[in-house]
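Here are a few notes to read alongside the model.

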Amino acid sequence: MKILGIVGSPRKGSSNDLLVDMILKGAVSRGAEVEKINIGDLNIAFCTGCMECRQNGICRITKKDPDDDLAMIVDKIAQAGGLVLASPVYIRHVPGQVKNLFDRLVSQMIITPGKNPPEIKCRIPGKRNSVVVVTCGNPDIKMAAETLEFLKNSALTCGNGGTVVSELAVGGLMLPGQVNADKRTLLDLASNLNIPEPAVDNMMKQYKSIKEQAYQDGQKLALMKR
Ligand SMILES: Cc1cc2nc3c(=O)[nH]c(=O)nc-3n(C[C@H](O)[C@H](O)[C@H](O)COP(=O)(O)O)c2cc1C
């Protein structure tokens, strides 16, 4: 099975990126083929709201601009049997580039009018289970609630009837790659933020356990029936 990781953090070496790597490593250990894309590296124009896609499922930007990457992503999702969606929290929600990808993916959704809650079906064939990852700077993970909800709904819609196998949410992440940071770096961070020194050992334990969880989630995703 092929598993596609989609990373929403624009930072190089971000915690999102590292956690997706761990999930994909776990998946590889169970025989999956994996691929990772970073939304920040792609060329995805903003949705113009023309609504042409509501008629025929074809995005006007995709039709006109061969350099736009949406069609390539749709193709990769179509080939994937599992998805990993990861995003940091920006102002309580996903960063603009993540929101924009899913705005553009509306071209791939069929929305039945007059249903409450709305009934949304995906035009991209195949069923996909998923793992979602959310990180935020606030130590209180409640800050990630809207982001998590958005990613889960997006994963379910793109999954075409698949399930969200696991949700990983990590708070208190400020530095790029903080889930892999060494003790010295975390002690410096703690001192800058007036965090008591003993809390650093707990941070290290938490990051170790979240990375183990990520690896196991990848294994689970690779082994799950679609
Ligand atoms: C523009 C911007 C807005 C942010 N807004 C929030 C926020 O509302 N709540 C929060 O807890 N963290 C916020 N953060 C912190 C990021 O969520 C945190 O640094 C990120 O999750 C780390 O993940 P990464 O290393 O994968 O990029 C914000 C960061 C940026 C750059």
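1. Sorted by class, the residues in the shell around the ligand comprise 9 nonpolar, 7 polar and 2 charged ones. Please keep in mind that this is a predicted model. The shell counts 18 residues, and the closest to the ligand are Ser-14, Pro-88, Cys-136, Gly-137 and Asn-138.

2. The largest nonpolar core contains 53 residues, and Ile-3, Leu-19, Ile-23, Val-84 and Val-133 have the most contacts inside it. Helix 1 (residues 15–29) supplies the largest share of this core, with 7 residues.

3. Ile-23 deserves a click in your viewer. If you set aside neighbours within four places in sequence, the residues in contact with Ile-23 are Gly-5, Val-84, Val-131, Ala-214, Asp-217 and Gly-218.

4. Which residues of helix 4 are buried? In this helix, which spans residues 70–79, they are Leu-70, Ile-73 and Ile-77. Viewed down the axis of helix 4, these buried residues fall within an arc of 60 degrees, so they line one face of the helix. Their packing partners are strand 1 (2–7), helix 3 (60–64), helix 5 (96–104) and helix 6 (145–159).

5. Last, have a look at the hairpin formed by strand 4 and strand 5, which has 6 residues between the two strands. Strand 4 (residues 109–112) and strand 5 (residues 119–122) run antiparallel and are joined by 4 bridges. One of the bridge pairs Thr-112 with Glu-119 of strand 5. In the turn, Gly-114 has a positive phi of about 80 degrees.

Definitions and conventions: Residues are numbered from 1 along each chain as its sequence is written. This is a predicted model: local features need pLDDT of at least 70, side-chain atom pairs count only at pLDDT 80 or more; totals for chains, interfaces and linings use all residues. A residue is near a molecule or strand if its C-beta atom, placed from the backbone, lies within 6 Å of it. Ala, Val, Leu, Ile, Met, Phe, Trp, Tyr, Cys and Pro count as nonpolar, Asp, Glu, Lys and Arg as charged, and the others, Gly among them, as polar. Two strands pair if DSSP finds at least two bridges between them. A residue is buried if 20 or more other C-beta atoms lie within 10 Å of its own, exposed if 12 or fewer, and partly exposed in between; C-beta atoms are placed from the backbone. The arc is that of the directions from the helix axis to the C-beta atoms. Two residues are in contact if their C-beta atoms, placed from the backbone, lie within 7 Å. A nonpolar core is a set of buried Ala, Val, Leu, Ile, Met, Phe, Trp, Tyr and Cys residues joined through C-beta atoms within 7 Å.
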